[in-house]
Structure formats: C-alpha cells, structure tokens
Amino acid sequence: MKIPRSTLEQWQVLQAIVECGGYAQAAEALHRSQSSVSYMVAKLQEQLGVELLEIDGRRARLTKNGEALLAKARELLGDAFQLEQLATSLAEGWEPQVGIAVDSLFPVELLVQVLRAFEPWARHTRVNLEETVLSGSEDALLEKRVDIAIVSRVPPGFLGDVLMDIEFVAVAHPCHPLHALGRELEVDDLSRNLHIVVRDSGTLNPRDHGWLSSNQRWSVTSPHTRLEMICSGLGFGWLPEHKIQTQLEQGLLKPLPLRVGQRRKLSLSLIVANPEVAGPATCRLANLIRTVVKDGIVHRPLCE
C-alpha cells in the first residue's frame, strides 16, 4: 500500500502563503512560527522535486507547476473538510439519507420551495424522492422505503397531519362532444364518453378513487400525460384545479356542466414514518413541509 509523501497540512500551508501573500502573513494566519511555515514548504518541494513558489519582491507567488498542483490540492482540502463535516453531522445523529414519498397532487411549487429551504441544512444528507399516485405513498410507508410521506389517505397504524385540501373539477376541451350537448350532464352522458384516469402507482392496496364504472376508460401512469390528452380533446376527467389554472385561462379546458358531482375534494396529509426515532434531517424536512404549506410561500426561481 502506497502512502503519499506529502500531507494535507503541507498543502494547507502552501495555500495560506499564496492567499496571504507571504511567509510571515501565512504564519500569523495559521498561528505558527515563520520558520515552521518555511520548513514545511521547503520539505514539500523536496518531496515532490518541483519548485512551487518564487519570490516576487516581497510576495510569494506560485510557479506554473505550483499553480497546477495547488489547484488539485485545493480539491483535496475541500474534500477533507467535507469529510470532517460529515463525521460531525453523523455524530450529531444527522442522517446520511432521507427518503420521502410525495403524492403527485402536492403542488410542485411548494415541493421545490421545501427542498430549496432544506438544502443548506443538509449538505451531507442525500434525499431520495418518490413521486406517487393514489396509494403509492402508502406502499412506500408500509414497505419502510421512506421516512416521510405525503399521502391522500392515512394507512392503518400511522398518524398524519392534514396539510391541505385538493379540489378536483370535471373538465374537457371546449370542443368535446359533452360540451356540445348544451345542457346539464348526467352520469349516463359521461358513461358514453371516454374517461381518462391515472393508474394507481401502489400495488399493496390499489385504489380507483374517482373512476366511473365505464368500459370507455383509458388508464395512464403519468398525470401530465393525462392532462395533455384531455387538453387535446381526447376524453374527459376530474383534474386537480390548482394544476390546470393556466389551461382553464387559455381556454384549453372547460368545466363540464354536471348536474351533480362536478367538483370533488381530497385531503393530503403528512406522515413521519417513525416519529419517536426520527433523526434531525427527517424532523427538519417535515417541519419545513408544514411551514411552507401553512405560509403558502412560493419564491421565484433564482435566475429571475
């Protein structure tokens, strides 16, 4: 096993000399004697067989070889500091990984805001995000794949906090045959037309929430695909109102004039899988979800 001849400490001293402008300034910044700083750099150059510094007046400057080597050394120093920070985080109980399952009905803008707020706190925590439909988040909890879940139904054995209500509205393209009838619609009218639904991503206890008992039904796996299909005039469906505001305003979708059942409501809840043993990262992320949803704050992208 080969052992490097140089040390991170030597490279840190070299970096200090360059950034501070000289040996004396580096010694003061590092709380060392000037002689020890000089010795460490001289020893480093001897070990490498390469001149790293040259004196320009009263300032110490890197040679071309020194510039190339120190650039790489800065990466190693950064990695070393991150390693120490990771060790500190782990010692404090900060989890190296947090899993979260989020129902596709949860507003994407709020999810991004939550993750943006979480990122500075969790530089050493990986986030595994599962985007689910219907019972998919419940499966993730029951199979112990995630620490946090946003669900449309709280499964037995878990406790949840209600986050928000999601309102659905029955819609179709303005030129769809259902709108052409020019009257209030009944269930029989719907059963004679194509109903487009999103398939449950869960497998343990799959659900068909909001589906009509109709043979004219197509199932897709992506909510976005369903939206595009309905906007194009292919079928109708109950869509979450907060996700179709633009399409309604642009005239791509129009609410169906149902006599009953035009609107439906569903609640989303937040569940921490094991609240008694949840670590700091899990608790922080859960609290951020509660706060962002309560405040309803959606910041604009950084580039705007």
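Modeller: Let's start with a definition: a residue is buried under 20% relative accessible area, exposed over 50%, and partly exposed in between (1.4 Å probe, protein chains only). With that scale, Cys-283 at 32% relative accessibility counts as partly exposed. One word about what you are looking at: this is a predicted model, where local features need pLDDT of at least 70 and side-chain atom pairs count only at pLDDT 80 or more, while totals for chains, interfaces and linings use all residues. Residues are numbered from 1 along each chain as its sequence is written, and side-chain values use heavy atoms, with hydrogens and water left out.

Colleague: Thanks! Is Cys-20 buried, partly exposed or exposed, and how many disulfides does a search of the whole structure find?

Modeller: A disulfide is a covalent bond between the sulfur atoms of two cysteines. In a model we look for cysteine sulfur atoms within 2.5 Å. Here the search of the whole structure finds zero disulfides. Cys-20 has 30% relative accessibility, so Cys-20 counts as partly exposed.

Colleague: How do I read a strand, and which residues of β2 are on its covered face?

Modeller: In a regular strand the side chains alternate between the two faces of the sheet. Strands (E, at least two residues) and helices (H or I, at least four) are DSSP runs, numbered from the N terminus. In β2 (residues 59-62), Ala-60 and Leu-62 make up the covered face, while Arg-59 and Arg-61 make up the uncovered one.

Colleague: Which strand does β2 pair with in the antiparallel sense?

Modeller: Two strands pair if DSSP finds at least two bridges between them. β2 pairs with β1 (residues 53-56), over four bridges, and Leu-53 stands opposite Leu-62. The two strands form a hairpin with two residues between them. In that turn, Gly-57 has a positive phi of about 70 degrees.

Colleague: What does the UniProt record say about residues 7-63?

Modeller: The unreviewed entry carries the annotation "domain: HTH lysR-type" for residues 7-63. UniProt positions are given in the numbering used here, feature names are shortened, and annotations may be inferred rather than shown by experiment. Over that stretch the chain is 63% helix and 14% strand, and the end C-alpha atoms are 20 Å apart.

Colleague: How many residues has the largest nonpolar core?

Modeller: A nonpolar core is a set of buried Ala, Val, Leu, Ile, Met, Phe, Trp, Tyr and Cys residues joined through side-chain atoms within 4.5 Å. The largest one here has 37 residues; among those with the most contacts inside it are Phe-106, Ile-150 and Met-164. Elements that each supply at least two residues include α5 (108-118), β6 (161-172) and β11 (263-272). Helix α11 gives the most to this core, with seven residues. A second, separate core of 18 residues includes Trp-11, Leu-52, Leu-62 and Leu-70.

Colleague: Which residues does Met-164 touch?

Modeller: Contact means heavy atoms within 4.5 Å. Not counting residues up to four places away in sequence, Met-164 touches Phe-106, Pro-107, Leu-110, Leu-266, Ser-267, Leu-268 and Val-293. Leu-111, found in helix α5, is buried at a relative accessible area of 10%. With that sequence limit, Leu-111 touches Val-102, Phe-106 and Leu-129. The C-alpha atoms of Leu-111 and Val-292 are separated by 8.7 Å, though these residues are 181 apart along the chain.

Colleague: And what partners does β6 have?

Modeller: β6 pairs with β11 in the antiparallel sense over eight bridges, with Phe-168 opposite Arg-264. Four bridges join β6 to β9 (residues 237-240), also antiparallel, where Trp-238 is the bridge partner of Ala-170. Two bridges join β6 to β10 (residues 254-255), again antiparallel, and Val-171 stands opposite Pro-255.

Colleague: How many aromatic pairs does the structure hold?

Modeller: A pair of aromatic rings is described by the distance of the centres and the angle of the planes. Rings of Phe, Tyr and Trp (its six-membered ring) pair if their centres lie within 6.5 Å; planes under 30 degrees apart count as stacked, over 60 as edge-to-face and the rest as tilted. The structure holds one such pair. Phe-236 and Trp-238 have ring centres 6.1 Å apart and planes at 70 degrees, so the pair is edge-to-face. Phe-236 is buried at 0% relative accessible area, and Trp-238 counts as buried at 6%.
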